[in-house]
Each structure stands twice: as structure tokens, then as C-alpha cells.
Amino acid sequence: MNKYKLSSFKKRAEFGETKSYENENTGVTLTQFVPKWSLYYCDIHYSINTSITVLGANQTLYKMIGIKHNPKINNQVLVKLDGVIYKIKNDEVDERVNGVDVLTLEDAKGVEEE
């Protein structure tokens, strides 16, 4: 049985990709987040020991969320939560009926909002 309750999925996350464009004034190429779809998610709390096991001692863990299993999710997809854009560092997939995928997110530095 799934340990996540449906009532915990209260917040909405935007999922999308990046688009590169050139700033007309400076000529610098910038990367921008383009939302494609959104899903409800729940926050997942973890211990320091769990974060070290998930990503290794040299990695920084920023956030973990749970979403209803979605086959569109992969490491190329970006996630926007509360105005902050993240890249997916790890996706723990649960393909069972009503399965919850656990996404480990890391700040996507250098990506701007649309």
C-alpha cells in the first residue's frame, strides 16, 4: 500500500524545458524556462543520512517531492516550485497503481523564468 495520502498533494509544480535566446542588447545567450504542464505534488522530508545515500557525500540536496507516477518525467525535464526552477537529479519511479514517484531536485542555476 502506498504510504503517501492523496490529501498531501496540495501544491502545484510546473514542468517544462529550456529555450535559449540571445539578448538583443548585450548579445549574451540566455536560457529560459518554458512550462509545458503542471502536476500536484507533496513535500517529502528526509534525514541527512538519506540525502547522503541518495546523492553521495559531495552532492547538495535541495528538495524532494512526490508526484503521481508520470511517464513524461525524465532528467531532461525542469521543475518550477514557488518561483524557483530545479533540475531533476534523481527519479525514484513507482509504476504501481496510484504509485508515487519521488523526485530529488537540485537548483537549476542560470535558468530564468519565462
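Trainee: In this predicted model, which residues does N70 touch, once those up to four places away in sequence are not counted?

Mentor: N70 touches W37, L39 and D101, and each of these counts as a contact because heavy atoms of the two residues come within 4.5 Å. N70 itself lies in the loop between strand 3 (63-68) and strand 4 (78-81).

Trainee: What makes N70 buried or exposed?

Mentor: The relative accessible area of N70 is 12%, and buried means under 20%, so N70 is called buried.

Trainee: Why is the pair E106 and K87 called a salt bridge?

Mentor: The closest N and O atoms of E106 and K87 are 3.9 Å apart, and the cut-off asks for a side-chain nitrogen of Lys or Arg within 4 Å of a carboxyl oxygen of Asp or Glu, so the pair meets the definition.

Trainee: How do you know whether E106 is buried or exposed, and what does K87 count as?

Mentor: E106 has a relative accessible area of 14%, which is under the 20% limit, and therefore E106 is buried. K87 has a relative accessibility of 37%, and because this value falls between 20% and 50%, K87 counts as partly exposed.

Trainee: With which other residue does E106 form a salt bridge, and how far apart are the closest N and O atoms?

Mentor: E106 also forms a salt bridge with K89, where the closest N and O atoms are 3.8 Å apart. Since E106 lies in strand 6 and K89 in strand 5, the pair ties together parts that are 17 residues apart in sequence. K89, at 33% relative accessibility, counts as partly exposed.

Trainee: What makes R96 and D94 a salt bridge?

Mentor: Their side chains meet at 2.7 Å, N to O, and that is within 4 Å, so the name applies. D94 has a relative accessible area of 15%, and is therefore buried.

Trainee: What is the volume of the largest pocket, and which residues are closest to its centre?

Mentor: The volume is about 250 Å³, and of the 13 residues that line this pocket, the closest to its centre are L6, F9, K68, N98 and V100. By class, the lining has 6 nonpolar, 4 polar and 3 charged residues.

Note on methods:
Residues are numbered from 1 along each chain as its sequence is written. This is a predicted model: local features need pLDDT of at least 70, side-chain atom pairs count only at pLDDT 80 or more; totals for chains, interfaces and linings use all residues. Side-chain values use heavy atoms; hydrogens and water are left out. Buried means under 20% relative accessible area, exposed over 50%, partly exposed in between (1.4 Å probe, protein chains only). Helices (H or I, at least four residues) and strands (E, at least two) are DSSP runs, numbered from the N terminus. On a 1 Å grid over the protein atoms alone, a cavity is a set of points where a 1.4 Å probe fits but cannot get out, and a pocket is an open set with protein on both sides within 12 Å along at least five of seven lines; lining residues have an atom within 4 Å of a point. Grid points are joined across faces, edges and corners, and a volume is the space filled by probe spheres set on the points. Ala, Val, Leu, Ile, Met, Phe, Trp, Tyr, Cys and Pro count as nonpolar, Asp, Glu, Lys and Arg as charged, and the others, Gly among them, as polar.
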